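Here is a short report for a first look. Keep the sequence and the 3D view open while reading.

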Amino acid sequence: MDLHVTLRGKRQTLQLKNPVLTASGTFGYGAEFSAYGNLSSLGGFIVKGLSLLPRQGNATPRVVETCAGMLNAVGLQNDGVEHFLNKTLPRLPWQHTAVIANIYAASAEEFASLAARLDADERLSALEVNISCPNVKEGGVLFGQDPRLAAEVTSAVCESAPHKHIIVKLSPNVTDIAAMALAVEAAGADSISCINTLQGMSIDYVTRRPRLANVIGGLSGPAIKPVALRCVWQVACAVKIPVIGIGGISCCEDILEFIIAGASAIEIGTANFMDPRAAFTMVQDLPKLCARLGITSLDELRGSLKLD
Amino acid sequence: MKAERCVELTVLDLVPFGQTGSAPLFFALRLTCPNWPQWTPGQFVMVRPFSFGLEIPWARPLGICHVNSQHLICFFQVLGRGTQRLAGVRSGDKVLVWGPLGNGFAMEENTPTLLLAGGMGIAPFVGYVHRHPQPWNLNMLFGHRPPLDCYPVDSINERIPLDTLHETIPGDLDNLIFSLEERIRDNAEQNGLVLACGPLPFLRTVHGFALKYHARAQLSLENRMACGVGACLGCVTKVRKTNKTQAVQSTEYQQVCTRGPVFWANDLVL
Ligand SMILES: Cc1cc2nc3c(=O)[nH]c(=O)nc-3n(C[C@H](O)[C@H](O)[C@H](O)COP(=O)(O)OP(=O)(O)OC[C@H]3O[C@@H](n4cnc5c(N)ncnc54)[C@H](O)[C@@H]3O)c2cc1C
Ligand SMILES: Cc1cc2nc3c(=O)[nH]c(=O)nc-3n(C[C@H](O)[C@H](O)[C@H](O)COP(=O)(O)O)c2cc1C
Ligand code: FES
């Protein structure tokens with residue numbers, strides 16, 4: 001079965017050998033997982049959120065396990081864009097699979113400079129714009145909660161990176177995710193990925209303290225899958241550009257559900273922690289599952305939700 | 001056969017340790033052999049029984065105690081829901097294991113080496129004393145609260161003398177701290193090596209004395225972990241940056257799973 005996926009944006013098209021990507025922040029820079037599978041077999045991987053300058057990240061504890069999920073408040077610790085381009089990227093198999101940079105900034109101007117810095121680099125297939133991080137003080141989820149700000153960031157990035165396919169990553173922490181999707185589509189986004197984490201918290205009843213130093217964090221993992229499916233479906237119904245589904249995917253059956261809801265591709269996040277082979281296994285198992293169900297093309301499956 | 005880093009192993013048996021009253025809380029977990037080319041004491045594995053399902057997403061990090069052609073052995077103590085569920089596995093159950101992970105302890109044949117263990121921090125030293133080519137250079141101090149027979153002390157006692165300090169009343173803690181200071185000072189005077197593993201308060205005490213007496217010391221940290229492979233940045237600890245040109249010392253967060261779990265005491269900010 002042909003697993004090839006074409007994400008046809010308004011400006012740029014992104015070709016993927018299969019719909020399985022790995023989600024930012026859950027797959028390091030890819031190299032961390034090279035001992036557990038063939039990176040080149042993936043549809044692509046999205047690296048840890050990058051900022052213009054290095055960021056130390058939040059205080060610890062930064063992660064806590066919850067029921068069927070986890071909370072994180074890592075705070076975008078990273079070595080900055082220059083270190084990434086000079087030291088990390090050369091060691092990644094960008095010739096063989098799509099390497100996608102996930103970018104974060106505190107203002108539209110800073111987003112623009114970061115996008116401009118990455119635009120000329122042919123080793124990157126696309127940029128994913130994180131306007132939905134709940135764990136940083138400045139910007140972060142704020143951009144993702146106001147359609148006007150989201151559009152502003154989107155057009156700034158699109159203008160500064162004319163050669164790149166621009167994916168805008170939406171937050172579920174909004175009242176109307178379809179409105180956000182329409183705003184970034186109108187501002188030029190080539191595709192939309194959703195969802196980022198849901199805001200949550202965890203309390204230790206003995207010490208009466210929050211379990212995260214940051215008090216609140218982002219919930220991910222199997223627990224959020226129903227929310228993610230709902231968001232993907234609402235977004236896919238609202239926009240014409242491709243949608244990438246994220247949230248709680250832990251097996252191939254989950255992937256099919258997201259495609260049926262309207263996703264063209266998907267990202268594997270927390271499942272990478274449950275089994276470091278997870279994404280690689282899903283790439284191998286997906287065609288087998290489709291064959292068993294008599295599915296011959298992903299195009300036929302996409303958005304095929306029956307409503308009566 | 002190509003060595004695989006992540007494998008599905010089968011539980012051979014789960015043996016309870018000690019008589020702690022009702023339900024046993026200390027276990028030796030014996031799994032089928034993972035077929036690794038090599039490993040170093042102080043390294044660990046991520047262990048995820050299939051019974052975790054989707055409900056308990058993270059694997060649990062456990063120190064590697066013993067590996068041979070037949071089996072892999074880890075010791076663990078039941079603390080929360082993960083180790084509780086792990087204590088329910090039976091012979092024949094499947095467990096996902098990835099490793100060996102991280103960096104092990106330094107091993108210097110001819111150096112007088114002091115091993116300091118607090119509670120389950122004893123686990124990595126089981127392999128260490130068996131691997132050490134000149135065990136007469138080792139001596140060990142073990143502080144614990146539950147009875148001694150809850151811990152894998154016999155296999156250590158076979159090779160080296162083990163001094164134990166049972167903490168039952170608050171005054172015992174002062175004793176332990178006093179002994180730690182004395183031993184670390186003596187070791188530093190001999191230009192020896194100090195290796196420590198245990199709960200954070202224990203490590204902080206060791207850290208303080210190691211810096212005070214300029215001992216060469218390594219500490220093994222037990223931060224909570226989600227991935228074990230350096231990807232989630234959840235397990236980080238503050239480490240001094242080695243930048244000779246800067247007058248002001250700076251720090252950075254490093255992953256305990258890949259840059260540790262064993263760190264030189266001098267590098268750590270605890
Ligand atoms: C490298 C490494 C090696 C280890 N080796 C062993 C070993 O050989 N044997 C062994 O028994 N254990 C070992 N541990 C510790 C073991 O991984 C934990 O005890 C286990 O993950 C607890 O899981 P749980 O679900 O039972 O407890 P949880 O429900 O996760 O926690 C139980 C209680 O402990 C607290 N807690 C959990 N993690 C931490 C932490 N990191 N610091 C402070 N408090 C915490 C929780 O808040 C809670 O109150 C090791 C840990 C590391 C990082
Ligand atoms: C530890 C951790 C770190 C993350 N870091 C980022 C990040 O840097 N940028 C980003 O856009 N999303 C980040 N995310 C969100 C994920 O990419 C993903 O959207 C979310 O976890 C939902 O998917 P999942 O349920 O499959 O994990 C992070 C998630 C986790 C668990
Ligand atoms: S446990 Fe994920 S980085 Fe260490």
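## A covered helix in chain B

The buried residues of H2(B) are B:Ala123, B:Pro124, B:Phe125, B:Val126, B:Gly127, B:Tyr128 and B:Val129. Buried means under 20% relative accessible area, exposed over 50%, and partly exposed in between (1.4 Å probe, protein chains only). Helix H2(B) spans residues 123-131, and seven of its nine residues are buried. Helices (H or I, at least four residues) and strands (E, at least two) are DSSP runs, numbered from the N terminus.

What lies over these buried residues? The cover includes strands E8 (113-118), E9 (138-144) and E11 (193-197) and helix H3 (154-157), of chain B. Contact means heavy atoms within 4.5 Å.

## About the model

This is a predicted model: local features need pLDDT of at least 70, side-chain atom pairs count only at pLDDT 80 or more, and totals for chains, interfaces and linings use all residues. Residues are numbered from 1 along each chain as its sequence is written, chains are lettered from A and ligands numbered from 1 in the order in which they are written, and side-chain values use heavy atoms, with hydrogens and water left out.

## Two helix pairs in chain A

Take helix H1 (residues 81-88) and helix H2 (residues 108-119) of chain A. Their axes come within 11 Å and cross at roughly 15°. That makes H1(A) roughly parallel to H2(A). Axes are lines fitted to C-alpha atoms, for helices over the stretch in contact, and angles run from 0 to 180 degrees between N-to-C directions. Angles under 35 degrees count as roughly parallel, over 145 as roughly antiparallel, 65 to 115 as roughly perpendicular and the rest as oblique. A:Val81, A:Glu82 and A:Leu85 of H1(A) meet A:Leu114, A:Arg117 and A:Leu118 of H2(A).

Helix H5 (residues 177-186) and helix H6 (residues 225-238) of chain A have axes that come within 9 Å and cross at roughly 45°. H5(A) and H6(A) are therefore oblique to each other. On H5(A), the contact residues are A:Ile177, A:Ala178, A:Ala181 and A:Leu182; on H6(A), they are A:Arg230, A:Cys231, A:Gln234, A:Val235 and A:Ala238.

## Cysteines

How many disulfides does the whole structure hold? A disulfide is a pair of cysteine sulfur atoms within 2.5 Å. For A:Cys237, the nearest cysteine sulfur is that of A:Cys194, 12 Å away. A:Cys237 is exposed, with a relative accessible area of 54%. B:Cys257 counts as buried, at 1% relative accessibility.
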